[in-house]
Amino acid sequence: MSASAPGGAVEPFDAVDVIRIKRDGGQVPDDALRWMIDAYTREYVADSQMAAFAMSVLLNGMTRDEIRVMTDAMIASGERMSFAGLGKPTVDKHSTGGVGDKITLPLAPLVASFGPAVPQLSGRGLGHTGGTLDKLESIRGWRAALSNDEIFGQLQDVGAVICAAGTGLAPADKRLYALRDVTGTVEAIPLIASSIMSKKIAEGTDALVLDVKFGSGAFMKDVDRARELAEAMVALGTDSGVATTALLTNMDTPLGLTIGNANEVRESVEVLAGGGPADVVELTVALAREMLTLAGQPDADVEAALKDGRAMDTWRAMIRAQDGDPDAPLPTPRETHVVTAPASGVVGAMEALPFGVAAWRLGAGRARAQDPVVHAAGIDLHVKPGDKVTAGQPLFTLLADDEKRFARALDALEGAWSIGAEAPASAPLVLERITA
Ligand code: URA
């Protein structure tokens with residue numbers, strides 16, 4: 001069936017036919033699926049029709065071929081970058097997002113210190129997980145917006161770039177993601193996989209490591225769904241010629257001892273100086289090994305580069321190249337509120353999601369895309385699950401610019417932590433490695 005578009009052009013398909021195929025559990029033919037995405041980007045297919053299609057995908061799923069065709073169509077909706085002229089391998093990391101997840105900050109310079117180029121085109125935070133750009137903007141002078149020429153030049157000279165992803169990559173995803181957000185269809189694994197991977201493949205990296213998180217503070221609460229998402233994304237990357245692997249990592253507890261922006265930069269610098277919390281170091285090292293393996297250096301001594309200052313040198317060069325001052329003092333909060341242990345004992349679980357929500361309510365995150373973040377706001381943790389504490393000992397400090405924010409943050413933390421007699425069962429941080 002065909003239809004006439006405004007201006008008289010004949011459309012080769014009809015959105016209702018495509019919706020019906022998916023609604024009835026069928027496989028949409030490649031050319032019809034490509035058309036659906038293209039026609040939606042051109043605003044010929046209406047939001048109401050795409051919403052019905054997205055809901056059919058959520059209910060009935062998609063085959064591996066359909067996910068690949070949909071991803072290709074989203075890539076084709078915008079520009080495609082290429083780093084082929086750099087003369088060195090490029091390797092990138094994507095995290096599905098978690099509380100206290102600052103790993104990109106130490107990881108990009110660490111991996112680049114071994115020679116590969118690391119283009120980290122990142123986003124801003126929305127909701128309880130923070131955005132990498134928001135964190136880096138705590139550094140005086142640092143600039144997130146770079147031209148394609150600047151990105152290329154910095155990858156050549158410094159090796160690592162963390163900057164804002166341009167709006168030219170996969171514009172179809174931008175429209176579709178906003179629609180999914182208001183139609184209860186964000187959770188569809190084929191749609192998440194094609195959304196994330198269309199942007200990463202359009203970015204033009206040779207290799208990609210995915211940090212797919214599961215647990216209370218993660219997008220995917222359930223490990224089986226996280227595994228399904230990881231497998232779909234690894235298949236998509238592989239089918240598109242991007243060497244892709246994934247780690248399934250635990251996000252039940254905040255990562256490290258800081259949740260916020262400036263405090264997460266401080267902690268990242270500690271890791272680059274050879275210190276930092278054990279879990280942040282463990283995940284940074286695991287992801288760096290994975291990235292360097294894909295870039296042809298499976299035996300790289302990653303820990304040595306953290307200890308001997310090589311990763312720190314690359315960090316400083318990376319910040320300076322984007323007009324940031326790596327030596328400038330980071331912003332500090334006007335108000336602090338310390339929560340202390342009500343009794344002696346052992347710290348039980350600390351639930352990532354409520355800690356993320358509390359940091360967000362303190363001003364570290366934004367409710368609307370246009371809102372500013374308060375760089376000094378967030379939470380500093382002084383203990384982790386399993387630590388012994390005595391009554392009155394500080395457990396964590398809330399950081400804000402206005403003390404009126406503390407009440408709602410404390411509400412979010414109600415029941416999110418406990419002091420008991422027994423240490424909680426410990427779970428591995430890196431659960432599984434997923435390959436093609
Ligand atoms: N992040 C994305 O970019 N897309 C999704 O669908 C979910 C998370």
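Helices (H or I, at least four residues) and strands (E, at least two) are DSSP runs, numbered from the N terminus. The model is predicted: local features need pLDDT of at least 70, side-chain atom pairs count only at pLDDT 80 or more, and totals for chains, interfaces and linings use all residues. Residues are numbered from 1 along each chain as its sequence is written, and side-chain values use heavy atoms, with hydrogens and water left out.

**View 1. The shell around the ligand.** Tyr 177, Arg 180, Ile 192, Ser 195, Ile 196, Lys 199 and Phe 219 surround the ligand (a residue is near if one of its heavy atoms lies within 4 Å). The most come from α9, with four. The shell holds four nonpolar, one polar and two charged residues. Here Ala, Val, Leu, Ile, Met, Phe, Trp, Tyr, Cys and Pro count as nonpolar, Asp, Glu, Lys and Arg as charged, and the others, Gly among them, as polar.

View 2. A polar contact is a pair of N or O atoms within 3.5 Å. The side chain of Lys 199 places an N or O atom 2.5 Å from a ligand oxygen. In Ser 195, a side-chain N or O atom is 2.6 Å from a ligand nitrogen. Arg 180 has a polar side-chain atom 2.9 Å from a ligand oxygen. Of the 240 Å² of accessible area that the ligand has on its own, the protein covers 83% (Shrake-Rupley method, 1.4 Å probe).

**View 3. The largest pocket.** A pocket is an open set of points on a 1 Å grid over the protein atoms alone, where a 1.4 Å probe fits, with protein on both sides within 12 Å along at least five of seven lines; lining residues have an atom within 4 Å of a point. The ligand takes up the space of the largest pocket (more than half of its atoms lie within 2 Å of the grid points). The volume is about 1900 Å³, counted as the space filled by probe spheres set on the points. Of the 50 lining residues, His 94, Gly 123, Arg 124, Tyr 177 and Lys 199 lie nearest the centre. Elements giving two or more residues are β3 (91-95), β4 (118-122), α6 (132-136), α8 and α9. Helix α8 gives the most, seven. By class, the lining has 17 nonpolar, 20 polar and 13 charged residues.

**View 4. The second largest pocket.** This pocket has a volume of about 510 Å³. Its lining has 21 residues, with Asn 250, Thr 253, Pro 385, Ser 426 and Ala 427 nearest the centre. Helix α12 (residues 278-294) gives the most, three residues. Twelve lining residues are nonpolar, four polar and five charged.

Notes
A polar contact is a pair of N or O atoms within 3.5 Å; within protein, one must be able to donate a hydrogen and the other to accept it, and residues adjacent in sequence count only if both atoms are side-chain atoms.
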